[in-house]
Amino acid sequence: MTGNLVSALTPAHLRFLEGLFPGEGLVTDPAAMAVYGADSSRRSAMPWAVVRPKGEEQIVELLKWADAERVPLVPRSRGTGMSGGAVPAFGGIVVSCLWMNRVLDVDADDFAAEVEPGVVTAEFQALVQKHRLFYPPDPASIKMSSLGGNVATCAGGMRAVKYGVTREYVLGVRAVLPGGRIVNAGGRTHKNVVGLDLTRLFTGSCGTLGVFTKLTLKLLPLPESSATVLAAFPSLHDCLAGARGVFRAGILPTAMEFLDAKACWAISQIREVPWPKDTTQAVLVLKVDGGRETMAAELSRLERALAPSGPLCLFQGLGPEEEEPLWELRRLVSPAGFHLGVDKLGEDVAVPRGKTAQAVDGFQAIGREFDTHVVCYGHLGDGNTHVNIFYDAKDPDQAARAVKCKEAVFRLTLSLGGTLSGEHGTGITKGPYVSWQLGENERAVMAGIKNVFDPNGILNPGKGWS
Amino acid sequence: MAECVLCGCCLAGCPLLAATGREELSPRAKALLAGPSKWDAALLRETDVAALTTLCLACGRCEKLCPQGVKVPQLVAAMRAAHPDFRQWLWKQWITRLGPCWSLAARGAALLPESFVPASLGLALKGLKGLRPGGGLDPWLRVTDLPEAAFAAKYADHEVAVFDGCVGRGPRASSWGENARYLLRELGARLIDVKFGCCGSTLGVAGLPGEQRDTRRANIDAWRSAGRPLLAVYCATCVKGLSDYAAPGTDVTELFADAAEAELWTRGMMPLSALLAGARGRVTSGAPDVVGYHQPCHAAQLPGGGDADQALLHGLLNSRLRAPEKSACCGFGGILQLTAPDLSTRVGAACWANLEGAPGSGDALEAAPASVLTGCSGCVMQLSATAPAGVRVGHWLEVIRRD
């Protein structure tokens with residue numbers, strides 16, 4: 001796969017890069033490059049060099065040169081991915097998009113915005129809110145990740161149950177392909193069926209097809225208000241029954257998240273928690289949004305829908321200020337888990353929604369079978385469950401059990417008709433397992449598509465489907 | 001200390017990353033380099049790592065965001081302490097010799113021909129010039145109501161000493177200490193005079209733990225011999241520096257007689273603005289049309305949470321006070337102004353852009369006579385040095401009128 005690529009940069013290569021990226025635009029000091037070789041997957045590899053383009057012209061020149069010279073490139077913005085997608089594990093130059101961070105246009109009549117890839121997602125959300133507009137995708141990393149990274153990974157988030165994931169909000173992608181070809185996929189209209197859907201192809205492609213220079217995003221009218229309920233349950237099954245009750249009452253929540261017993265415990269290690277610590281086995285957090293006058297009524301509806309499943313306690317928040325502390329607890333679960341073990345395999349499998357209870361029961365049983373901490377939490381509303389396996393890599397026995405655990409989780413997921421990754425992408429941590437899910441024909445079609453975009457395989461090598 | 005898990009939560013708060021877009025300056029990069037190395041030692045030269053890691057504002061914003069409890073400013077201070085070089089030596093000169101008489105240094109700085117000033121010290125000197133005598137704001141705010149009853153109910157039995165730190169005693173800043181004492185007397189406090197030195201926070205940041213310990217001990221001795229009075233502190237960074245004497249997780253017996261004495265120190269150390277909470281005032285003639293507020297990174301907190309200085313000023317100035325929705329670091333950064341003045345300037349520029357975007361201020365900050373008030377001596381120095389033409393910066397105590 002990487003056979004025809006160079007294995008290191010020559011002095012001539014570096015001279016070219018110095019010319020194209022003057023001053024601070026090029027980084028070659030290993031101490032400064034180190035962070036560009038790592039991401040939130042905690043995998044790392046030293047880049048050969050880091051470049052910081054300020055605009056599309058530089059990217060066009062870079063991709064012409066890299067394609068001709070067979071130099072691998074790894075696009076990156078904020079490095080908060082969970083599967084090592086931005087880690088140059090197979091060598092190459094890291095292309096940092098942080099200097100391309102302008103919001104080019106927000107149009108309240110078109111319900112569309114144009115941005116460069118380095119814009120921080122939460123800052124973009126705050127900006128469009130001033131125009132009473134709404135950009136719904138909200139990955140847990142929203143405060144520190146970027147729109148470019150979100151599109152490259154088709155980031156999910158907690159609001160997916162009602163609003164869908166990032167791909168539903170990408171109307172167009174402008175990207176530079178190897179050789180310097182500029183491709184404009186999609187556009188500014190909310191409907192568009194002319195030609196193949198290249199926009200969807202770019203979304204979630206993990207920097208393997210092109211380097212984004214502009215994204216056109218879809219916006220919605222901003223809901224007037226929202227409300228949140230957090231309920232604790234004495235068992236996971238009561239919690240799932242509560243979730244079913246909500247849907248049966250005809251409520252489509254904006255977000256519906258659950259935390260299992262170990263997740264609740266881990267959060268209690270870093271924050272004061274409102275639920276009873278001794279009896280709580282699962283927590284459900286729900287959000288609804290809509291008109292200001294209706295929110296109090298919606299809260300009562302939610303409370304009535306949850307009552308038959310017997311919550312131990314129930315907390316309500318009306319409006320962002322009251323809601324935020326409840327959601328902050330949920331967002332902390334990923335880092336909090338490290339109190340169970342210093343190393344983590346973070347999986348994000350998804351199963352058909354009706355199979356969630358069976359899947360979570362199974363994942364917890366797998367943890368017991370291998371005597372390993374398995375923490376389950378996530379997006380109950382859409383069947384996407386985070387399964388975090390904690391261990392100590394210094395203990396070879398623990399490390400081996402953790403890998404067995406992960407593989408058992410994958411097997412169970414696939415047997416239930418699920419997928420190995422709902423939102424993190426396969427990157428390097430799940431790359432080797434893709435063939436468990438995708439057949440030979442599917443992988444051959446994908447390889448053919450990759451070949452059309454990037455015939456020499458210079459873009460993010462090793463992050464694929466083979 | 002806890003280990004960084006590379007989650008990136010800190011990225012949202014770092015003013016250096018925001019101003020430069022250079023990920024190698026982020027807290028995550030520092031934690032990655034300072035932690036157990038993932039790379040071959042031969043690849044990373046220790047001096048390069050030290051030089052890069054010490055480019056930090058020590059604002060502490062990342063620390064508040066970190067779910068693992070990683071304290072990057074402490075990592076940086078340790079790195080600085082382990083690699084003493086010219087810059088540390090230089091800073092030691094500044095804060096241990098000039099520090100206790102900043103104003104004198106400011107006077108000297110004003111007289112120094114620009115051509116004699118090494119480029120790397122330009123901003124620091126400009127900051128010092130900002131503190132020169134006569135450079136302060138004119139008083140235009142009369143305090144009409146003070147929370148005397150609330151103060152008496154809580155502190156009637158206590159003596160109160162004002163902590164001036166290193167900036168508060170010079171010619172410009174003399175109004176800070178004098179006005180602090182005036183307000184406390186009006187409040188009904190029984191004031192006693194205690195001579196304190198620098199709070200020591202910058203010494204720690206600069207990687208001078210020995211000097212920091214000495215100055216802390218001297219302050220505690222002075223406090224002890226004065227009968228352990230309440231401390232009223234008017235510089236936000238001093239509040240942080242003084243509370244660090246007995247911060248959770250530190251061995252308090254190193255500085256204090258016992259845990260009870262440390263507790264007395266922590267409970268008796270109050271931001272001046274918290275003691276004045278609820279005060280009301282009236283603007284007199286000469287007040288600027290626009291008054292901006294700059295929130296320091298180490299803003300002193302009210303007991304129930306919230307910036308004590310901002311709350312006080314809001315009560316005194318109502319809608320005249322304009323504060324940005326989100327605070328931004330001024331870029332002073334302990335010693336970054338000396339070690340990397342270009343980075344410090346860029347963070348400063350982002351801070352001014354943020355202040356100018358404050359709700360209601362429009363672009364009026366430069367058009368009308370404008371003042372920016374803050375509650376930290378480091379921020380006053382940095383903002384004075386970087387202010388747009390026509391904007392004057394000062395500690396809020398400067399605008400208080402004494403009758």
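**Reading strands, salt bridges and surface**

Tutor: Strand E12 (residues 225–233) and strand E14 (residues 282–290) of chain A pair in the antiparallel sense over nine bridges. Within this pairing, Ser226(A) has Asp289(A) in E14(A) as its bridge partner. The model is predicted: local features need pLDDT of at least 70 and side-chain atom pairs count only at pLDDT 80 or more, while totals for chains, interfaces and linings use all residues. Residues are numbered from 1 along each chain as its sequence is written, chains are lettered from A and ligands numbered from 1 in the order written, and side-chain values use heavy atoms, without hydrogens and water.

Student: What counts as a strand, and what as a pair?

Tutor: Strands pair through backbone hydrogen bonds, parallel or antiparallel. Here, strands (E, at least two residues) and helices (H or I, at least four) are DSSP runs numbered from the N terminus, and two strands pair if DSSP finds at least two bridges between them.

Student: What is the order of the seven strands in the open sheet of chain A?

Tutor: The order is E15-E12-E14-E13-E17-E18-E16, with antiparallel pairing. Strand E15 (313–318) and strand E16 (343–347) of chain A are at the edges; each has a single partner strand, so one side of each has no neighbour in the sheet. On average, neighbouring strands of this sheet are turned by 15° against each other, direction ignored. Helix H13 (residues 356–369) of chain A packs on the sheet and touches strands E13 (255–260), E17 (373–379) and E18 (384–391), its direction making about 160° with that of E17(A). Contact means heavy atoms within 4.5 Å; axes are lines fitted to C-alpha atoms, for helices over the stretch in contact, with angles from 0 to 180 degrees between N-to-C directions.

Student: How many of the eight residues of strand E10 (residues 211–218) of chain A are buried?

Tutor: Six are buried, where buried means under 20% relative accessible area, exposed over 50%, and partly exposed in between (1.4 Å probe, protein chains only). Ala113(A) stands opposite Leu217(A), and Ala175(A) has Phe212(A) as its bridge partner.

Student: How should I read a salt bridge?

Tutor: Side chains of opposite charge can pair when their charged atoms come close. The criterion is a side-chain nitrogen of Lys or Arg within 4 Å of a carboxyl oxygen of Asp or Glu. The whole structure has 39 salt bridges over all chains. In one of them, Glu61(A) and Lys64(A) have their closest N and O atoms 3.4 Å apart. They are three residues apart in helix H3 (residues 56–69) of chain A, which means a separation of about one helical turn. Glu61(A) is partly exposed at 34%, and Lys64(A) is partly exposed at 41%.

Student: Where is Leu196(A) found?

Tutor: Leu196(A) is in the loop between strand E9 (181–186) and helix H7 (198–202) of chain A, and is exposed, with a relative accessible area of 78%.
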